[in-house]
Amino acid sequence: MKKSILFLYLGSTLTALSANDVYQTPNTGTVYTFADLAKIADSGVIQLDDNTFSLSKDIDVLDQDGLVLDNNATLRMGADILVRMYGGNNNFAPADTATIMPTEEGIKPKGIHFLDTSVPQTVKHVRFEGAGLRLGAPAGVTVESCSFIEHNTRIGNYAIGFVASSINNAVRNCYFYRTHLSAIGAGSNLAAGVVIEDNVFEDCSTDNRNYPVINETPAADNGAIIIRRNTIYGGKRTLPGAISVSNMLSMIGNHRIEIEDNYMDNSRYGINILGNYMNVKIKGNEIINCHYETNAMNGGSGITVNSTSDSNPTSVYVEEQHNRRLPVGSHHHRKNTGQLRK
């Protein structure tokens, strides 16, 4: 293990307010489907066939109302289109599948934003193509069995981005493929506890900037950051790392971090811990060929730790690590990585 200074971009997760027209639900306690919205003349929703819908306006679902993503539905979103859900009456967990995608090739929608909800939310069985998911629900959001394909960063720098402090978040059994920047991340001034487990990340952070695949901030009293049993196939790029947890703004708190039983292959670095006040456990991870920055002091290493405080240093416990660099021409694949869903 080496101690070095590794600089990461703060990676703002907020974007400017959209210039699109916005349709707001009337806040009368109605739960809508997209078929219902298509019947409202000024909603910006057009029904293209039985279960395919085009969105040309931003939609605000106010806190007394709700929105349902029907099973097998396809949402085709226009440029920079964003659906914001303020209440807890939503259902974005279709039984089998649903797809959120652009209206046509080359169009970049933003995606879906949960915010200001006091009721835990679930997103499940949804395939996001280009669009992303912004989470600002204080009660937490569980994202499960979803796919994020070529996230375009219009909603922010992360395919799943935490933009408010929150508890009880989870990302499980999801697949991330060729996201332009990080797959999962949080703003550097936010405390969003989250469990990230059993996901597969393939060739993410394709823009080759200093955005690791998982880019988290510690969460203090809002819960631990737990990153376990994930598989990260890097793209052999010189700047993106695999996993980073950084307390860049020195938020005070009992920050518990667990990084356990992950597999990382072909990234700039495997694990980066940056900042103070953290209690970190790193156990049982396998780090293969993470060296594409040749200077370890610049982050080209298996594990990097940087804590500069004399009074509140980060404590790191490392056990049962497997760090290897295979010979040129060798190949290694992790077994039982789950289904890859392109």
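**Ring pairs, strands and salt bridges**

A: Both Phe-92 and Phe-114 are buried (under 20% relative accessible area with a 1.4 Å probe, protein chains only; exposed is over 50%, partly exposed in between). This is a predicted model, where local features need pLDDT of at least 70, side-chain atom pairs need 80 or more, and totals for chains, interfaces and linings use all residues. Residues are numbered from 1 along each chain as its sequence is written, and side-chain values use heavy atoms, without hydrogens or water.

Start with the rings. Rings of Phe, Tyr and Trp (its six-membered ring) pair if their centres lie within 6.5 Å; planes under 30 degrees apart are stacked, over 60 edge-to-face, the rest tilted. That rule gives 7 aromatic pairs. Phe-92 and Phe-114 make one of them: their centres are 6.1 Å apart and their planes stand at 85°, so this pair is edge-to-face. Phe-92 sits in the loop between β9 (82-85) and β10 (98-102), and Phe-114 in strand β11 (residues 111-115), so the pair ties together parts 22 residues apart in sequence. Strands (E, at least two residues) are DSSP runs numbered from the N terminus.

Phe-148 and Phe-176 give another pair. Their centres are 5.0 Å apart with planes at 10°, so these rings are stacked. Phe-148 belongs to strand β16 (residues 147-149) and Phe-176 to strand β19 (residues 175-177), so this pair ties together parts 28 residues apart in sequence. Phe-148 and Phe-176 are buried. Ring pairs also build a cluster from Phe-128, Phe-148, Phe-176 and Phe-201.

Now the strands. Two of them pair if DSSP finds at least two bridges between them. An open sheet of 8 strands runs in the order β12-β15-β18-β21-β24-β27-β30-β33, and its pairing is parallel. Its edges are β12 (121-124) and β33 (315-319), each pairing on one side only. Within the sheet, strand β15 (residues 141-144) and β18 pair in the parallel sense over 3 bridges. There, Glu-144 stands opposite Arg-172 in β18. Strand β18 (residues 166-172) in turn pairs with strand β21 (residues 192-197), also in the parallel sense, over 5 bridges. Ala-170 has Val-195 of β21 as its bridge partner. Val-171 has Ile-196.

Strand β29 (residues 271-275) and β32 are parallel too, joined by 4 bridges. Asn-272 stands opposite Thr-304 in β32. Strand β32 (residues 303-306) is covered on both faces: Ile-303 and Val-305 on one side, Thr-304 and Asn-306 on the other, are all buried.

Last, the charges. A salt bridge is a side-chain nitrogen of Lys or Arg within 4 Å of a carboxyl oxygen of Asp or Glu. The count is 11 salt bridges. Arg-84 bonds this way with Asp-60, the closest N and O atoms lying 2.5 Å apart. Arg-84 is in strand β9 and Asp-60 in strand β6 (residues 58-61), 24 residues apart. Both Arg-84 and Asp-60 are buried.

Glu-197 forms a salt bridge with Arg-172, with closest N and O atoms 2.5 Å apart. Glu-197 lies in strand β21 and Arg-172 in strand β18, so the pair ties together parts 25 residues apart in sequence. Glu-197 counts as buried at 7% relative accessibility. Arg-172 is partly exposed, at 27%. Salt bridges that share partners join Arg-172, Glu-197, Asp-198, Arg-228 and Arg-229 into one network.
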